[in-house]
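Hi everyone, thanks for coming. I'd like to walk you through one structure today, so please have it up on your screens.

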Amino acid sequence: MDQPDCEIGVVGLGVMGRNLLLNVADHGYSAAGYDLEPTKVDTLLMEAASRPISGAHTLADLAASLRKPRAVLLLVPAGAAVDAVIRGLLPYLEPADVLIDGGNSHFKDTERRAADVARQGIGYLGVGISGGEHGARYGPSIMPGGPRGAYQRVRPVFEAIAAKAGDEPCVGYLGPGSAGHYVKMVHNGIEYGLMRLISETYHLMKQGLGLDNDNLAAIYDAWNHTELNGYLIEITANIFRKVDQRTGHRLIDMILDEAGQKGTGMWTSEDALSLQVPVLAIDVAVAMREMSVLKAERTAASRVFAIPQPTFFGDRRTMLDQLRSSLYAAMIITYAQGMVQLGRASQTYGYGLNLEEVARIWRGGCIIRAAILEHVRSAYHASPQLPNLLLAPQLAKEVLARQQDLRSVVRVAAELGIPAPGLMVALAYFDSYRSEWLPDNLTQAQRDYFGAHTYQRVDMEGSFHTQWGDGQPESDQLLAAEQEPHPAMVGG
Ligand code: 6PG
């Protein structure tokens, strides 16, 4: 058996686990790997070459190979598998050992698991890891949450293996409990939103402007050298160039237009609803993945509504500039919604999140890394309590300078019959957020009319109810609170 001196153990030697383990070893830390499938352990050992890597064929052996207090990183599919591994490991762990879930677990599962293992004195970290296979191997963005003391146990390893933005590692302690998994969930929600926006620009350029894959690749490439610079734009350009080995066509045209989802985007939307935070960008992105899988229905409906698509007669160069500009504005608006959700979650769940730190960690390694995050970071640095990124002077200026372009693009999309709900709700979010007045006085009146739900007045404090129906005597009843004149009405 190996000497009990390994710095960290990894359970789950799939793509993420294997690559992360190699990354750990490349930074001089010894690591032990375990997988239910013995062949994966053997493959790891072959790949390990002279690196300080050992393999374990049982969880008992894995635990025995680790220095104390032990640190065990689980990289298994979210859900029942995580519970099963924890159950299997617990008999071999001792107080002060640290269990780390590096998968995309639901934050409520993380809370439950942390409370369970805490009864045995074991520290539980819920850690978001972003960057896919390449990130795991060469530097992911790492979002750790849980007991601060437990984090100290793995901090040097995490700082060594994380992506670097400049010379700063893209990892930092985020907060207690499920803070890390919550931040990763919202990261994924933003990821969904950004991917949706990019796909809408693709749709508009392909069907609206008739651009081919070479044109599209060149445009996204060029955009990647502008304010839009970021990982998702970069890979989009590459995607349009990729040739299908089977047919010789571009691969993109051979891929079915139905997008799958593992659930993190939906969880983000669900929790935003329960926190009462509007995240239209994420809601729409989730809903449009659902729309995409209705392929058979869409095909049938396309025959029922066989409306000829109008031709775009505008200036194409101008349209391309407006698309780039509106994409950037919509991206700012998308990040803004995710960050507001994090702020609200932090208050509600007691995470004590530092949003500047979140933006800092996301600048490298993760899927939503982009130049814009430097501005997001600066915005929270200047104003840690900023209620919304749209109120940060620099970002407000960027959106203001582009809002007419966004309106033009949305108008063109509507006229051409090209669905662009992501861009549309970005504009709607912006227009709602900047509106001092919204028509919700009518909603209040309707609620009071049919359900006696009461309403507030603009000229005095309190809750009021009115008998609205025809033939009922005119009355307006103050149901609670003092009948003070509203400050806005004093002297008015
Ligand atoms: C990342 C990704 C990663 C993964 C998601 C995508 O940050 O590395 O977000 O976590 O690609 O699972 O999930 P969907 O299947 O829901 O698109």
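This is a predicted model: local features need pLDDT of at least 70, side-chain atom pairs count only at pLDDT 80 or more; totals for chains, interfaces and linings use all residues.

Let's begin with the ligand. Which residues are closest to the ligand? They are S130, K184, E191, Y192 and R289, out of 15 residues that surround the ligand. Now look at the oxygen atoms of the ligand. A polar side-chain atom of N104 sits 2.8 Å from a ligand oxygen, and for a polar side-chain atom of N188 the distance to a ligand oxygen is 3.1 Å. G132 uses its backbone instead: a backbone N or O atom there lies 3.4 Å from an oxygen atom of the ligand. On its own, the ligand has 420 Å² of accessible area, and the protein covers 79% of that.

Next, the helices. Please find α8, residues 179–208, and α18, residues 421–433: their axes come within 8 Å and cross at roughly 120°. On the α8 side you'll see R196, L197, E200 and L204, and they meet P421, G422 and L423 of α18. Sorted by class, this contact has 4 nonpolar, 1 polar and 2 charged residues.

Finally, the backbone. Most peptide bonds are trans, and most residues other than glycine have a negative phi. Where does P69 sit? You'll find P69 in the loop between α3 and β4, and the peptide bond from K68 to P69 is cis, with omega near -10°. The other spot is A49, in the loop between α2 and β3. A49 is not a glycine, yet its phi is positive, near 50°.

Terms used. Residues are numbered from 1 along each chain as its sequence is written. Side-chain values use heavy atoms; hydrogens and water are left out. Axes are lines fitted to C-alpha atoms, for helices over the stretch in contact, and angles run from 0 to 180 degrees between N-to-C directions. Helices (H or I, at least four residues) and strands (E, at least two) are DSSP runs, numbered from the N terminus. Contact means heavy atoms within 4.5 Å. Ala, Val, Leu, Ile, Met, Phe, Trp, Tyr, Cys and Pro count as nonpolar, Asp, Glu, Lys and Arg as charged, and the others, Gly among them, as polar. A residue is near a molecule or strand if one of its heavy atoms lies within 4 Å of it. A polar contact is a pair of N or O atoms within 3.5 Å; within protein, one must be able to donate a hydrogen and the other to accept it, and residues adjacent in sequence count only if both atoms are side-chain atoms. Accessible areas come from the Shrake-Rupley method with a 1.4 Å probe; for residues, only the protein chains shown count as cover.
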